[in-house]
Amino acid sequence: MQEDKKNYLTRQSYEEYQNKLKYLQEVERPQVIEELVEARNQGDLSENAEYDAARDKQAAIEAEILKIQHILENCEVIENEGKANIVKIGSTIKAINLSTKQLIEATIVGALEADPFNNKISNTSPLAKAVLGKHVGETIQVDAPNKYKVKIESIL
């Protein structure tokens, strides 16, 4: 069995996962159990579509609970202490693409939180891999399909 990878989560995302887990365990799970009891009381289970639907719903809820529990058990919460002098997971960087002169602003987050449309990039992305551990003013080559260089302007 392969070793589990660490999930990096912001404090906000960690709390959202905890709230979702609590909701599934305390609200959704009891509701579906009640639906199963009601469907069982309707008689023949072999031809009971409501019973089958409730069982499918129960399986989906239990799978989601297990998934969230696994994420929470294998996560590291990213604490952002404000301005830093080195890029790490949780940092927001401003960098200049030296080829296009385009300003890049991105927050480096764990893979589960990555959302490129909102400038949140995975710590496993080529840009994040290149800048992690680097300082303001450094010029780094990004090992992407089309290699390019960036210069870190600021780290927040």
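Residues are numbered from 1 along each chain as its sequence is written, and side-chain values use heavy atoms, without hydrogens and water. As the model is predicted, local features need pLDDT of at least 70 and side-chain atom pairs count only at pLDDT 80 or more, while totals for chains, interfaces and linings use all residues.

Trainee: How many salt bridges are there?

Mentor: A salt bridge is a side-chain nitrogen of Lys or Arg within 4 Å of a carboxyl oxygen of Asp or Glu. By this rule the count is three.

Trainee: Which helices hold Glu 62 and Arg 29?

Mentor: The side chains of Glu 62 and Arg 29 form a salt bridge, 2.8 Å from N to O. Helices are DSSP runs (H or I, at least four residues), numbered from the N terminus. The pair ties together parts 33 residues apart in sequence, since Glu 62 lies in helix H2 (residues 49–73) and Arg 29 in helix H1 (residues 11–40).

Trainee: Is Glu 35 buried or partly exposed?

Mentor: Glu 35 forms a salt bridge with Lys 57, with the closest N and O atoms 3.2 Å apart. Buried means under 20% relative accessible area and exposed over 50%, with partly exposed in between (1.4 Å probe, protein chains only). At 32% relative accessibility, Glu 35 is therefore partly exposed.

Trainee: How far apart are the closest N and O atoms of Asp 143 and Lys 147?

Mentor: Asp 143 and Lys 147 are both exposed. They form a salt bridge, and the distance between the closest N and O atoms is 2.5 Å.

How values were computed: Helix = DSSP H or I, 4+ residues; strand = E, 2+ residues; numbered from the N terminus.
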